[in-house]
Amino acid sequence: MAWLNEDVAGLLREYAELTQITGGDPFRARNYEKAARSVRGWPDDIGGLDVKALRAVPGVGASIAAKIAEYRDTGAIQALDELRAKIPPGVRELTRVPGLGPKRAMQLHRELGISSVDQLAEAVKEGRLGGLPGFGAKSGERIGAGIEVYRQGRERVLLDVAMRSAAALVTALSAVPGTQRCQYAGSLRRMRETIGDIDILAAADDPRALMAAFTAQPQVVAVVASGPTKTTIQAADGLQADLRVVPLEAWGTALQYFTGSAAHNVAVRQIAVRRKLRLSEYGLFDAETGELIVSRTEEELYGRLGLAWIPPPMREDRGEVEAAARGEIPPLVRLDDLNGDLHTHTDLTDGVASLEDMVAAAARLGYGYYAITDHAPDLFLQRMTDEKMLAQADRLRALAATQSLELLHGAELNIGPDGSVDWDQEFLRRFDLCVASVHSHFDQPRDQMTRRLVAACENPHVNIIGHPTARRIGRRPPVQADFGELFRACARTGTALEINASPQRLDLPSDHIRAARDAGVKFAIDSDAHSVNDLDTMCYGVGTAQRGWLTPDDVINAWPLERLRAFLRKGRP
Ligand code: DGT
Ligand code: CA
Ligand code: CA
Ligand code: ZN
């Protein structure tokens with residue numbers, strides 16, 4: 001029989017969610033969530049344990065153990081069924097809209113009969129929320145924005161999810177006999193923050209073996225369309241993927257075309273037209289005679305148009321074609337330019353790996369320096385204390401003596417509603433660096449939020465503003481602030497802005513980065529790792545920085561340690 005761990009974890013999580021929606025005890029809900037996490041990670045089959053053994057699983061007390069046993073014996077949990085019956089269909093979906101908690105979702109259902117996100121959007125459009133108790137004048141606007149975020153999150157997937165899926169497909173297809181080239185193109189190659197579908201391009205004389213291998217991949221749940229040179233599949237993770245097979249001769253122009261963006265392609269094609277050339281995915285041709293001029297590599301294609309090769313993350317028609325014509329494509333920062341990571345966590349707060357394991361993993365990545373920045377006390381669920389922080393500092397200094405990489409001791413401070421942070425100057429002086437982030441009061445009015453962020457920059461011990469917009473892609477909109485003013489404050493005070501590499505954040509978003517750089521801001525590309533594996537998300541931060549045209553000189557953790565240390569002193573004696 002299959003293990004019950006996944007099933008049971010799912011039911012416990014559902015119980016927690018429904019408890020919250022029905023206005024039950026939030027601590028009880030949190031206990032069920034915690035139990036769900038440990039059940040999922042438990043190394044033995046939960047279905048094989050008696051009630052006593054179940055209670056050895058962290059977070060599982062008497063009542064949760066009884067529910068697990070009930071499920072094993074009867075295939076159902078009565079208390080859960082009762083909760084399910086209390087919640088009208090559709091209301092659970094409503095609670096996933098950012099800005100709409102369980103209470104208000106229930107209220108909307110009760111008073112307006114709303115039971116889907118589409119109905120909610122309709123009600124917002126018609127201004128029907130305005131009159132409800134507890135819904136202020138701005139509620140409609142805010143919920144409308146939440147619906148946008150929610151819908152976007154459902155239609156597109158996060159960068160890392162698409163990347164894992166594409167990498168597996170490219171590996172499998174590259175092994176098919178007769179394959180001469182294979183790589184992903186589209187928005188994934190451009191490192192956009194979310195991905196609509198995966199575009200894979202391959203070169204082969206005969207596409208048939210590739211197409212057959214593509215539709216036979218284990219993650220394929222449906223073949224959406226199939227033709228001699230293009231096949232589209234639906235994968236289990238909800239993503240679609242296109243495979244196109246071209247002759248090796250046309251590789252360069254096909255790769256350029258399918259990398260996009262569409263707007264970039266239009267701009268490049270206009271250059272071709274001006275030179276009396278015709279560009280398509282099949283090649284660059286003489287417009288008059290139809291003679292093929294180049295098609296084999298992207299470099300040749302751009303070169304024949306009088307352009308320098310343009311890195312894919314820049315291909316958004318935001319001035320890159322003009323820059324390439326002038327020969328002024330910046331030397332973009334690359335993953336191997338990074339000398340360290342400046343924002344990471346351990347199990348002292350909400351990380352899951354020990355200080356020693358995180359440091360060992362950082363050493364394996366070849367970093368020259370590495371900072372530990374656990375959460376500060378004002379994020380009270382993390383239970384940080386002054387004593388714990390000081391003890392960690394001692395432990396880190398002792399560990400540093402055995403390491404070839406330089407260890408920096410820091411903290412991730414909380415920027416309070418008024419811009420103040422957790423500790424006074426006396427205490428902050430002990431840290432090698434401080435990241436400071438907004439973790440609460442996300443809905444402050446724009447001026448107040450701007451003042452709050454600027455005040456944090458003015459703190460002489462705040463070196464990096466963490467995830468500056470505080471958005472969660474598809475889950476929480478960015479805070480409202482005058483970012484131009486923040487950028488000027490950063491430049492003036494020597495405070496870096498973070499490019500948080502977590503695929504759920506990618507924050508500062510790439511569309512703000514160039515404006516910040518033009519204002520004189522420096523950046524820290526950070527993993528914000530909470531586990532050893534998270535350290536590998538750095539590549540997404542680098543892609544985001546490249547989309548913002550950054551060079552190693554713009555990125556403080558691409559600098560040598562001495563230059564970094566001087567920056568971290570922030571003009572202090
Ligand atoms: P996505 O999938 O929404 O994340 O974004 P892309 O950029 O991957 O878009 P997709 O998959 O529709 O098409 C892949 C590339 O193919 C696109 O970036 C540029 C090229 N392409 C597709 N349709 C057109 C078009 O109508 N005009 C031009 N110029 N290029 C196109
Ligand atoms: Ca695509
Ligand atoms: Ca596509
Ligand atoms: Zn953090």
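In which sense do strand β15 and strand β16 pair, and over how many bridges? β15 (residues 464-465) and β16 (residues 496-500) pair in the parallel sense, over two bridges.

1. Basis. This is a predicted model, in which local features need pLDDT of at least 70 and side-chain atom pairs count only at pLDDT 80 or more, while totals for chains, interfaces and linings use all residues. Residues are numbered from 1 along each chain as its sequence is written, chains are lettered from A and ligands numbered from 1 in the order in which they are written, and side-chain values use heavy atoms, with hydrogens and water left out.

2. Sheet. The β15-β16 pair belongs to an open sheet of seven strands, ordered β11-β12-β13-β14-β15-β16-β17, with parallel pairing. Its edge strands, β11 and β17 (523-526), each pair on one side only. Strands are DSSP runs of E with at least two residues, helices are runs of H or I with at least four, and both are numbered from the N terminus. Two strands pair if DSSP finds at least two bridges between them.

3. Helix α24 (residues 561-568) lies across β12 (369-375), β13, β14 (433-437) and β16, and runs at about 30° to β13. Such axes are lines fitted to C-alpha atoms, for helices over the stretch in contact, and angles run from 0 to 180 degrees between N-to-C directions. Contact means heavy atoms within 4.5 Å.

4. Zinc site. The zinc ion (ligand 4) is coordinated at 2.0 to 2.3 Å by His343 (NE2), His345 (NE2), Glu412 (OE) and Asp528 (OD). Donors are N, O and S atoms within 2.8 Å of the metal (3.2 Å for Na, K and Ca); water is not among the atoms, so sites may look incomplete. The spacing of the donor residues in sequence is H-x1-H-x66-E-x115-D. His345 lies in the loop between β11 (340-341) and α17 (355-364) and Glu412 in strand β13 (residues 406-414), so this pair ties together parts that are 67 residues apart in sequence. His345 is buried, at 0% relative accessible area, and Glu412 is buried at 1%. Buried means under 20% relative accessible area, exposed over 50%, and partly exposed in between (1.4 Å probe, protein chains only).

5. Zinc geometry. Angles among the four donor atoms of the zinc ion (ligand 4) span 83 to 176°, and the site is irregular. Four donors count as tetrahedral if all angles lie between 85 and 135 degrees; four count as square planar and six as octahedral if opposite donors are over 155 degrees apart and all others between 65 and 115; anything else is irregular.

6. Calcium site. Asp197 (O), Asp197 (OD) and Asp199 (OD) coordinate the calcium ion (ligand 2) at 2.2 to 2.5 Å. The site is irregular, with angles of 70 to 166° among its six donor atoms. The calcium ion (ligand 3) is 3.7 Å from the calcium ion (ligand 2), and Asp197 coordinates both. Asp197 is partly exposed at 23% relative accessibility, whereas Asp199 is buried at 12%.

7. Cysteines. There are zero disulfides in the structure, a disulfide being a pair of cysteine sulfur atoms within 2.5 Å. The sulfur of Cys434 has its closest cysteine sulfur in Cys457, 13 Å away and too far for a bond. Cys457 is in no disulfide either, its nearest cysteine sulfur being that of Cys490 at 3.7 Å. Cys434 is buried at 1% relative accessible area, and Cys457 is buried at 1%.
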